[in-house]
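Please look through the sequence and the model before reading on.

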Amino acid sequence: MLDTLLRRIARRCETHDRPSYAVTSRLERQLGMEPSPAPDSFVEAYSDPTIIDCGHVWCRARRG
């Protein structure tokens with residue numbers, strides 16, 4: 001509960017403000033680097049936070 005409150009106050013989103021393999025590998029390709037090996041978990045390897053709506057109005061406004 002306290003962690004959720006602190007994230008809300010700092011306007012940190014538990015969905016969009018954490019590392020994601022999809023975002024990291026996209027950035028590596030844009031920089032001309034070899035993408036890192038994918039994680040073993042299918043969900044971690046292919047979940048893309050840019051297409052997920054977390055439901056926080058402040059997060060949509062900050063990212064938009």
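**A salt bridge and its surroundings**

The structure, which is a predicted model, holds 1 salt bridge. Its partners are the side chains of Arg26 and Asp48, which meet at 2.7 Å, taken from N to O. Because Arg26 lies in helix H2 and Asp48 in the loop between H3 and helix H4 (57-63), the pair ties together parts that are 22 residues apart in sequence. The two partners can also be described by their accessibility: Arg26 counts as partly exposed, at 29% relative accessibility, whereas Asp48 counts as buried, at 14%.

Helix H2 spans residues 21-30, and Ala22, Ser25 and Glu28 are buried in it. Seen down the axis of H2, these buried residues fall within an arc of 130 degrees, so they line one face of the helix. What do the buried residues of H2 pack against? Their packing partner is helix H3 (42-46). After H2 comes Gly32, whose phi is positive, near 80 degrees.

When residues up to four places away in sequence are not counted, Glu28 touches Met33, Glu34, Pro35 and Ser36.

One of these contacts, Pro35, lies in the loop between H2 and H3 and counts as partly exposed, with 29% relative accessibility. Leaving aside neighbours within four places in sequence, Pro35 is in contact with Ser25 and Arg29 as well as Glu28. The C-alpha atoms of Pro35 and Tyr21 are separated by 9.5 Å, the two residues being 14 apart along the chain.

Is Ser20 buried or exposed? With 9% relative accessibility, Ser20 counts as buried, and beyond residues up to four places away in sequence it touches Ser47 and Pro49.

Helix H1 (residues 2-9) includes Leu6, which is partly exposed, with a relative accessible area of 48%. Together with Leu2, Leu5 and Ile9, Leu6 makes a nonpolar surface patch of about 430 Å².

These details can now be placed in the whole chain. The protein chain has 4 helices and 0 strands, and its elements run α-α-α-α from the N terminus on. Of its 64 residues, 22% are buried. The chain exposes about 5200 Å², with carbon and sulfur atoms supplying 59% of that area. Among the contacts with a separation of 6 or more, 57% are accounted for by residues 24 or more positions apart.

How values were computed: Residues numbered from 1 in each chain as written. Predicted model: local features only at pLDDT ≥ 70, side-chain atom pairs only at ≥ 80, totals over all residues. Heavy atoms only, no water. Buried < 20%, exposed > 50% of the residue type's maximum accessible area, 1.4 Å probe, protein only. Helix = DSSP H or I, 4+ residues; strand = E, 2+ residues; numbered from the N terminus. Arc of directions from axis to C-beta. Contact = heavy atoms within 4.5 Å. Areas by Shrake-Rupley, 256 points an atom, 1.4 Å probe, with all protein chains shown as cover. Patch = residues over 30% accessible without salt bridge, like charges linked within 9 Å, V, L, I, M, F, W, Y side chains within 5 Å. Salt bridge = Lys/Arg side-chain N within 4 Å of Asp/Glu carboxyl O.
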